[in-house]
Amino acid sequence: MAPQREVGVGLISVGWMGKVHSRAYQSIPVVYPELGITPKLVIAADTSLERIDYAKNVLGYAEGTQDYREVLAREDVDVVSICAPNFLHAEIGIAAAAAGKAFWIEKPVGRGAADTKTVQDAALKAGVVSSIGFNYRHAPAIEYAKELIASGKLGRITNFRGTFFADYSSEPKGALSWRFTRELAGSGVLGDLMGHLVDLVHYVIGPVAEVSALTETVYAERPIAQMGSGTHFDIIEDGEMGPVENEDYAAMLVRLSNKAVAEGAIGTLEASRVTVGKRASYNLEIYGTEGSLSWDFERMNELHLALDRTGAHVGYQRIMAGPQFGDFSHFQPGAGTSMGYDDLKVIEAKKFLQAYVGTARDNSNINDAYAAALVCDAAEQSVATKAWVSVDSVPGTTAALKLRTPQTK
Ligand SMILES: NC(=O)c1ccc[n+]([C@@H]2O[C@H](COP(=O)([O-])OP(=O)(O)OC[C@H]3O[C@@H](n4cnc5c(N)ncnc54)[C@H](O)[C@@H]3O)[C@@H](O)[C@H]2O)c1
């Protein structure tokens, strides 16, 4: 067994993501014993006393506090998970960087690109490691799709289509959580789901260079939910109503930059939080001159692949993710035994911790968060101006860039 290195973990905010990050840290010695990293859950912060109790008594943190600054001040905390609502990301991200802590922060980083930029500046200035909650990147089928595209197997990528459709607010009496107000969340489904989709496009085929967008708010008001109780999936009967201040649906036409693997390719990207029927259908289809593929998170262990243009076998093959795809073999010994959402967070934790100890740099980083935020901001600007909006390129991302010597099939 590899010698073990203890890494002290601080958690800020014990909601859904706080729980998922904590489970991910706890899984590291079991799923990746060869890393020799043992996360130690030191202290968790939340304004809700009930959630602090939960962090200590159920998740296993040694201590709890209502003030996140206590987490950042601790010398025995090496890395911090920032799982707070969006409006706190900039303040906490900047404070974490100033305290010299590596941080794993949830997406979107802040309420828009301006917030994200302040965290990016602070992290780059302090030289601390950052990782972003862009979990769909780590799906083994997505890692394999990325390899296929980079190796030229699909030929020249001409176009792509992504739909991130969720039903978490399809019920009109669905809770008005912090996600629905400008002050607490920033944009609506653009930051919440479209940012994930944009990051997938950046990761697998390359950076977006220009955007034309439309958005729509389907439900103008909803029953108010209290911060720190329940989830944004809750339905509230007879509650006091409050206004929805951001969009439920967004659509974009995008063109990739000439630096992308798929230079100049065109795509349509849609996101909705109010679809009826599509539950968490996060779908990406990519079309090339030699083949195409499609993936959907609702069936995240499958990749649909078409590589023949002529002959009897034209059409899609359904491939099950297995040990030869991404990190699959760390979870299951054979294809067909499915991985799930929480496993993607375990992979994310691994990439973050490896970046922290300096053994690998394949984590998403604060530059990736800024790049995705710029695209979502451009969409809002396009809606306001009814015009195409250009997106600046961001140095230091992990976007799929054009190979110097392009390979073909
Ligand atoms: N990567 C993903 O797939 C994914 C999924 C869900 C949420 N998220 C992101 O994770 C973040 C958190 O979302 P969530 O669903 O876990 O939220 P949540 O509402 O479940 O939890 C938020 C927690 O923050 C706490 N909080 C509020 N003010 C605080 C303060 N001042 N200090 C400390 N804690 C405070 C609340 O009490 C609550 O416990 C958001 O940015 C969201 O966009 C990402």
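Buried residues are those with under 20% relative accessible area, exposed residues have over 50%, and partly exposed residues lie in between (1.4 Å probe, protein chains only). Helices (H or I, at least four residues) and strands (E, at least two) are DSSP runs numbered from the N terminus.

The model is predicted: local features need pLDDT of at least 70 and side-chain atom pairs count only at pLDDT 80 or more, while totals for chains, interfaces and linings use all residues. Residues are numbered from 1 along each chain as its sequence is written, and side-chain values use heavy atoms, with hydrogens and water left out.

**Helix α2**

In helix α2 (residues 49-59), the buried residues are Arg51, Ile52, Ala55 and Leu59. These cover an arc of only 110° around the axis, which puts them on the same side of α2; the arc is that of the directions from the helix axis to the C-beta atoms. An α-helix has 3.6 residues a turn, so residues three or four places apart point the same way. The buried residues of α2 pack against α1 (16-31), β2 (37-45) and β3 (63-65), where contact means heavy atoms within 4.5 Å. On the face turned away from the buried side, α2 carries the exposed residues Leu49, Glu50, Asn57 and Val58. Gly60 follows α2 and has a positive phi, near 100°.

**Ligand site**

The ligand is surrounded by 27 residues, the closest being Ser13, Asp46, Asn86, Asn135 and Tyr341; a residue counts if one of its heavy atoms lies within 4 Å. By class, this shell has eleven nonpolar, nine polar and seven charged residues.

| Residue and atom | Ligand atom | Distance |
|---|---|---|
| Met17, backbone N or O | oxygen | 2.9 Å |
| Asn86, polar side-chain atom | oxygen | 2.7 Å |
| Glu106, polar side-chain atom | nitrogen | 2.9 Å |

The protein covers 93% of the 850 Å² of accessible area that the ligand has on its own, as computed by the Shrake-Rupley method with a 1.4 Å probe. Elements giving two or more residues to the shell are α1, α8 (189-204) and α9 (341-357).

**Asp234**

Asp234 is found in the loop between β9 (221-223) and β10 (241-243). Asp234 is partly exposed, with a relative accessible area of 31%. The side chain of Asp234 reaches the backbone nitrogen of Thr231 at 2.9 Å. Apart from neighbours within four places in sequence, Asp234 is in contact with Lys173, Gly174 and Ala175.

How values were computed
A polar contact is a pair of N or O atoms within 3.5 Å; within protein, one must be able to donate a hydrogen and the other to accept it, and residues adjacent in sequence count only if both atoms are side-chain atoms. Ala, Val, Leu, Ile, Met, Phe, Trp, Tyr, Cys and Pro count as nonpolar, Asp, Glu, Lys and Arg as charged, and the others, Gly among them, as polar.
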